[in-house]
Amino acid sequence: MTGAHKTRVALLRAELKRRKLTGFFVPRADEFQGEYVPAYAERLRWLTNFRGSAGVAIVTLKKAAIFVDGRYVIQVRQQVDEKIFAPFHLMDEPPDQWIGKNLKKGSRLGFDPWLVTAGQAKRLAEACAAVGAAFVPVETNPIDAVWKDQPPRPMAELATQPTQFAGRTAAEKIKDLRKGLSSIDAMVLTQPDSVAWLFNLRGFDVPHTPVVAAYAILPARGKAQIFIAGEKLPEDVRQHLKAIATPHEPGDIGAALKALGKARARVLIDPAWTPERIRGMLVKARATVVTGADPVLLPKARKNATEQEGARAAQRRDGVAVSRFLCWLEKEAPKGGLTELDAAAKLKAFRAETDELKDLSFETIPASGPHAAIPHYHATEESNRKLSLNEIFLIDSGAQYIDGTTDITRTVIVGTPTAEMNDRFTRVLKGMVGLSMIRFPKGTTGSQIDILARRHLWCAGLDFDHGTGHGVGAYLSVHEGPARINKSDRTPLEPGMILSNEPGFYKQGDYGIRIENLVMVHEARPVAGGERPMLGFETLTLAPIDRRLIAVELLSEAERTWLDAYHARVLKEVGDRLDGAELDWLRGACAPLG
């Protein structure tokens, strides 16, 4: 942490004193709770220097703490000055526990109600009340008051997502969604990807995710309302919206919520995503607030036939770019001099050569040697490390194409692996393959199959501290709910859902391994004697897995058969688009294990 960040904390504390606040709650969030936020909303990073995608801080007049999940426990100590911010694990020692130990009767902990969800606000208010403190909403954010060079809010124009890629018109989606509104007068949609998917829109306000930074109100009858700055709506988008929604400026949402209250409407909100400010305005207006899951989540996750075909096309295209990169990397890395950022730039260039790349789906994670042991390592000019002989190199990357979103991790060896590297890599591979091969009955959740990815690591007394899989959108968010594969998720897996399959292993200070493919849930073929309908996974990602890191003797016959078949498919579908030295390399990379 630089002296500049120390000064920023001092400026914030002075502002808190002026406002008669004991402290302030600082989430890594904007008004829409997305994973990626515009530059103006990077308040946590501005204050602490933490650059991860999830975390919160609490700053009081005397103390400060920062809370991150398991992905960032190493990174936070590298980026944040522990003399000022004490780091905590977000799950093991959450903010409400810290509040109980560090606030007292009469304390006033401020928060921005646009940046905190209704569910968060309830939990934190209860934690404050338990010690006689108050969780106090502020009208304006005190960080904004002291952040003198805060970037402006983005004003990029929206675009439509053509039906040829969306599969269904916005009017059809709205009609289906309304069928679930039998006891509800209106729903408020606050998740940008929900708004984008429902109205067949795409936006460009945040990096890597083409969502629409807008709120919407969908009544049981009549036109929807969408709240977004008028200058973001080119004429073709206005015409697209004309039949299905009435555009309003963002500041008009208060009047619209007040009107719902005047009508004594029953209004559905998702407390996990809706800002506390919106819930508060509805309550003040005397609307009846009904809480429940965002009703767009499930239909958005169940990709329709057009979106499924788009995903396959995007993965084939992306597989060509990744395979070309792996060929180049195998030739260039052993020469020395190649850095992490060089590798990331080259992979992006290969994707750009498809002439279909809209953006990366997240900032590429190119991690060499000990950096690979940090699951969500962030490469910077300061940390940029050269790829060295006999070290592992992990690269986690993805792309946004108009027909699909990709996410792939490949781990390769530069030089010769150790026996331990071979063992750990193969255990991770066995987990990835086991999950790929599984058949499961309808109603199965991600938590019920997560052990398949960890089993062979557990047998060796090993594990990894992140989820095994997350949902992926259709030219939307690379991290999409509601279904996930982890130790606790309870959302049933359904046909059309796309998820990642990415077990890993991380040896702190030495190396890290992760192998990631995207898979799509589909109805499995019946088997002789079977009594129940089954589901399974179709593997979408197409790129070779480094055979040099595989301890073949640790694979079962079924695992070897699966991997050989996978590589044969990669060679067929990707090889058809390569030639010359790149095709020769792919043939070797996809050769049967023997």
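Predicted model: local features only at pLDDT ≥ 70, side-chain atom pairs only at ≥ 80, totals over all residues.
1. Overall dimensions. The protein chain has 594 residues and a radius of gyration of 25 Å, which agrees with the value near 25 Å for a compact globule with that number of residues. Taken along the principal axes, the box filled by the C-alpha atoms is roughly 70 × 55 × 45 Å.

2. Composition and burial. The chain contains 20 helices and 28 strands. Of its 594 residues, 57% are buried. The accessible surface comes to about 24,500 Å², and carbon and sulfur atoms account for 52% of that area. Among contacts with a separation of 6 or more, 70% are between residues 24 or more positions apart.

3. The six-stranded sheet. An open sheet is formed by six strands in the order β4-β3-β2-β1-β5-β6, and its pairing is mixed. Strands β4 and β6 (134-137) stand at the edges; each has a single partner strand, so one side of each is left without a neighbour in the sheet. On average, neighbouring strands of this sheet are turned by 25 degrees against each other, direction ignored.

4. Pairing of β1 and β2. Strand β1 (residues 23-27) runs antiparallel to β2, and five bridges join the two. One example is Phe 24, whose bridge partner in β2 is Val 59. Helix α1 (residues 3-18) lies across β1, β2 and β3, and runs at about 60 degrees to β2.

5. Pairing around β3. A hairpin of three residues joins β2 to β3, and these strands pair in the antiparallel sense over four bridges. Within this part of the sheet, Ile 58 stands opposite Ala 65 in β3. The link from β3 to β4 also comprises four bridges, but these two strands run parallel. Here Ile 66 stands opposite Pro 87 in β4.

6. Because five of the five residues of β3 are buried, the strand is largely enclosed by the rest of the structure.

7. An edge-to-face ring pair. A pair of aromatic rings is described by the distance of the centres and the angle of the planes. The whole structure holds eleven aromatic pairs. In one of them, the ring centres of Phe 50 and Tyr 72 are 5.5 Å apart and the planes stand at 85 degrees, so the pair is edge-to-face. Phe 50 lies in the loop between α2 (43-48) and β2 (56-60), while Tyr 72 lies in the loop between β3 (64-68) and α3 (73-79); the pair therefore ties together parts that are 22 residues apart in sequence. Phe 50 is buried, with a relative accessible area of 2%, and Tyr 72 is buried as well, with 3%.

8. A stacked ring pair. The rings of Phe 67 and Phe 88 have their centres 5.4 Å apart and their planes at 25 degrees, so this pair is stacked. Phe 67 belongs to strand β3 and Phe 88 to strand β4 (residues 86-89), so the pair ties together parts that are 21 residues apart in sequence. Phe 67 is buried, with a relative accessible area of 0%. Phe 88, by contrast, is partly exposed, with a relative accessible area of 21%, because buried means under 20%.

9. A cluster of rings. Phe 25, Phe 111 and Phe 135 are linked into a cluster by ring pairs.

10. The three-stranded sheet. A further open sheet consists of three strands in the order β15-β18-β19, with antiparallel pairing. Strands β15 (359-360) and β19 (404-405) stand at the edges, each with a single partner strand, so one side of each is left without a neighbour in the sheet. Strand β18 (residues 399-401) pairs with β19 in the antiparallel sense over two bridges; Gln 400 has Thr 405 in β19 as its bridge partner. Helix α14 (residues 305-332) lies across β18 and β19, and runs at about 130 degrees to β18.

Key. Residues numbered from 1 in each chain as written. Heavy atoms only, no water. Pairing = 2+ DSSP bridges. Contact = heavy atoms within 4.5 Å. Axes fitted to C-alpha atoms, helices over the stretch in contact; angles between N-to-C directions. Rg over C-alpha atoms; globule rule 2.2 N^0.38 Å. Buried < 20%, exposed > 50% of the residue type's maximum accessible area, 1.4 Å probe, protein only. Areas by Shrake-Rupley, 256 points an atom, 1.4 Å probe, with all protein chains shown as cover. Phe/Tyr/Trp six-rings, centres within 6.5 Å; stacked < 30°, edge-to-face > 60°.
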